[in-house]
Every structure is written in C-alpha cells, then in structure tokens.
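Open the model in your viewer and keep the selection tool at hand.

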Amino acid sequence: MKKIGLLFGCALFMLPLNMKGQEKVVPLKYGNMDQWVTRKIHESGVIGGKTKLLYEVAPTKVIDGNEPYVNLGGSPWANSNVMAKVMGIVKTNTSVYPEKRGNGYCARLETHIESVKVLGLVNITVLASGSLFLGDMKEPITGTKEGEMALNSGVAFTTRPKAVRYDYKVRMSGQPNRIRQTGFSRKSVVPGQDCAIMTCLLQKRTEDAEGNIIAKRVGTAVVRYSRTEDWKNGATYEIMYGDITKDAGYQAELMKLGVGGYYARNSKGESKQIKEVGWAEEGEAPTHLVLQFTSSLGGAFVGSPGNKFWVDNVSLVY
C-alpha cells in the first residue's frame, strides 16, 4: 500500500532502544488488537458469489452486508482489507487478520496474490501486502490506480513522545527477490529481498489556498525486518526529532522527506498527496501522527507472497 521506493537488500536499520529512567507508556486506542469488527461481504455472482470476511480493529461487532466501512467506536485504525466495486463487480481483499494470542488477539499482516477474472469483462491479478495504519479508508475502491488515494493517512496528534513500542513477530518468505504484479502488466522481478516495515512520522501540516496539504517533518522512526523472528515483546524504537539527515541513524531510502507518498484528505474532503517540504525546527509540536505496519517493502503491488508480520500492544513512550 505504500510507495517507499526501490531498495536493494534488507537490514534492521534501527536497533531497539533501551529506555532508562522514568517513562510514561500510553497505549494507542485499540492498540492491544483485542477487539475486531467482522464484515461479511457478498462478492458478485459473476465471480462466484462467495461471502468473504473483512476485519477491522474496532469494538467487537459483526456487520453483514456490502456497506462501505467507516471507522467505528472512535477507532483510529484502518488497514488494507477493502471492498472494491470495479465495473459493477464486488470483490474483496483480505490481508490483515485477527489471530489468537494468549488471552487476547494480535494482528497478522500477510502478503499474497489476489485475482479476479471474468471472461470478457475483467482479468486482474495483483500482489497485495498487509498494511495496518492510523487513519481511515474510503470505500468502495473503484480500481487499482485509485487505491492509494482512498487512504487518509495519519491522525490528529500534538505531543512529542520519545519512542514507539509494540510486540512483533516476523516470518519472511525466503525468496531472494520480490515481484511486481499490478494487474495491468506482466509479473516482473524486483531485485532485493522483501522486508516487513514499521513507519512512524510526526508531521506539522498546513493547507494552502488550493487545498494542498503541506507538511514539515517533526519526528521520525522507521524500522524494517529482513529475517524470521519469534515474538519480541516491548520492542522500543526512538523517535528522532528535527533535521536528522546528519544523524548516524538516518537512512535516506526510508526516512527522506516525502517517503511513502502518503495521501490524506484536506478540509474539503479532497484526497491530496502530502507534500513534505522541510524539517521542523527543534521543539516544534506536530499536528499529525502517521504510523503504519506493512508486511512488504517496495510500494504498491511489490513484495514476496508468504511474508507475514504480526503486531500487538502498540503504545507510545514518554
């Protein structure tokens, strides 16, 4: 779901931070992943008419019917599970699932191949990665080219946490390269091993007279995982503030201004790509928090089928 750019090889570029001294841990709302909405979507008869399940992080509820989803219960979370309606055909994609963990649940993000074929009408096969993020999604999706514009990335946020903390587990596909499969061109090989990634960006946004969303980068934390790992509880990653281009932990491919190509909706409800134009001054407060977990690296339609990324107990540390 994210345009992060072509990267060769993978490594963990940000080591967990050992927080010392007094700290205040603030769990994100529904960040314990224990409550899920289950949506029963009935796909069109021309593609089999199956009932598919889509899952959303929000107060436990079952919704039966092909209704566009709007975040429930004040949940700040959205994901890459979507209902699409292309040429009148209702189709779903599920790449984020609740999974039992202890006495509760966690989120499981998967990279897989999704296809829909109707003789004489549509023949689309795409690679879909699992993505869980703060924000919301506008449904139904009407085509692969409009998918990213349906995302409203980030939530209103005004404080300056020291770090982001969560539990995670990773299973890599083991493939040496990734593939690109957009649905409108042949499958191609993208050099470089796939990775799972966490991106946390604090932004100070404004809106110009034309409705464009302009942002300065206040804080940055980006981590990618390239090898299979069992559960790591309480993994903590420092948020770096201000201009970090000369910081030892700065990785331009993952942290440069404009990374991710995120979209958001302006005050008129119009979808705009966020334009990051500079680094905020030291001490500036953000207006928005972008936080995203994704099972594959390289942008929309790029990855390795079989990648899995589990996430649980997401919080911020002060």
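Start by selecting Phe293. In this predicted model, leaving aside residues up to four places away in sequence, Phe293 touches Trp77, Leu109, Gly130, Ser131, Leu132, Tyr166, Ile197, Met198, Phe309, Val311 and Val314. Show those side chains together.

Now widen the view. Which residues have the most contacts inside the largest nonpolar core? They are Trp77, Tyr166, Leu291 and Phe293, in a core of 38 residues. Next, pick Cys195, Val222, Ile244 and Trp279. These four belong to a second, separate core, which has 10 residues.

Turn to the rings. The structure holds 9 aromatic pairs. Select Tyr225 and Tyr237. Their ring centres are 6.5 Å apart and their planes meet at 70 degrees; an angle over 60 counts as edge-to-face, so this pair is edge-to-face. Tyr225 lies in strand S19 (residues 213-225) and Tyr237 in strand S20 (residues 229-238), so the pair ties together parts that are 12 residues apart in sequence. Are these tyrosines buried or exposed? Tyr225 is buried, at 0% relative accessible area. Tyr237 also has 0% relative accessibility and counts as buried.

Now show the cluster. Ring pairs link Tyr166, Tyr168, Tyr225, Tyr237, Phe293 and Phe309.

Two charged side chains come next. Select Arg160 with Tyr241. The charged end of Arg160 sits over the Tyr241 ring, 4.1 Å from its centre. Then select Lys169 with Trp310. Lys169 lies over the face of Trp310, at 4.2 Å from the ring centre.

Finish with the whole chain. Switch to cartoon: the protein has 1 helix and 27 strands. Of its 318 residues, 53% count as buried. Among contacts with a separation of 6 or more, 72% come from residues 24 or more positions apart.

Terms used. Residues are numbered from 1 along each chain as its sequence is written. This is a predicted model: local features need pLDDT of at least 70, side-chain atom pairs count only at pLDDT 80 or more; totals for chains, interfaces and linings use all residues. Side-chain values use heavy atoms; hydrogens and water are left out. A nonpolar core is a set of buried Ala, Val, Leu, Ile, Met, Phe, Trp, Tyr and Cys residues joined through side-chain atoms within 4.5 Å. Buried means under 20% relative accessible area, exposed over 50%, partly exposed in between (1.4 Å probe, protein chains only). Contact means heavy atoms within 4.5 Å. Rings of Phe, Tyr and Trp (its six-membered ring) pair if their centres lie within 6.5 Å; planes under 30 degrees apart count as stacked, over 60 as edge-to-face and the rest as tilted. Helices (H or I, at least four residues) and strands (E, at least two) are DSSP runs, numbered from the N terminus. A charge sits over a ring if NZ of Lys or CZ of Arg is within 6 Å of the ring centre and within 35 degrees of the ring normal.
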